[in-house]
Amino acid sequence: MDPEQMLGRCPLSPVAGTGWLRGWRLTFGGEKHAPDGALCTIVPDEVGAVFVALYDIAEFDAAALDEWMQVPSALYRRIRIRVHDGARDVAAWTHVLDVHEGGLPSLPTLQMIAHAAEVAGAPDDYVASLRNRPTAGL
């Protein structure tokens, strides 16, 4: 997640590191739930890997983040995952769409994802692969 957005949504939750979510891939879905393109999510994929930022989420912020991610309306759901932080696997929470995969993100959404990955220190080729994904062009 973009650090500026995260600070606004979860001001009590500092960055705790970065890592790779192995066995998952970044994708999009739920076009009918967003006016300008599909929403970001991850899905299981044996050969996939997603670069992620880890945050130390305060209890107060966890509830606010669930609300922001529309967990109460069942658009997203929170799941427990394992992230490899370079030294070991650590348990973490993430949100995944609870709708079918498919559709293209808006250009601003994809730019925000690529910027967040770049700021977090993702490898250049990973950031480039994000920037080169197709978009809905909005």
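How far is the sulfur of Cys40 from the closest cysteine sulfur? The distance is 16 Å, to Cys10, which is too far for a bond. This is a predicted model, where local features need pLDDT of at least 70, side-chain atom pairs count only at pLDDT 80 or more, and totals for chains, interfaces and linings use all residues. Residues are numbered from 1 along each chain as its sequence is written, and side-chain values use heavy atoms, leaving out hydrogens and water.

A search of the whole structure finds zero disulfides (pairs of cysteine sulfur atoms within 2.5 Å). Cys10 is buried, at 1% relative accessible area. Cys40 is partly exposed, at 28%. Buried means under 20% relative accessible area, exposed over 50%, and partly exposed in between, with a 1.4 Å probe and protein chains only.

Now to helix α4, residues 124-131. Helices (H or I, at least four residues) and strands (E, at least two) are DSSP runs, numbered from the N terminus. The buried residues of α4 are Tyr126, Val127 and Leu130. They fall within an arc of 100° seen down the axis, so they line one face of the helix. The arc is taken from the directions from the helix axis to the C-beta atoms. An α-helix has 3.6 residues a turn, so residues three or four places apart point the same way. Asp124 and Asp125 are exposed on the face turned away from the buried side. The cover over the buried residues of α4 includes β1 (15-29), β2 (39-55) and α3 (107-120), with contact meaning heavy atoms within 4.5 Å.

Ser106 sits in the loop between β4 (89-97) and α3. Ser106 is buried, with a relative accessible area of 1%.
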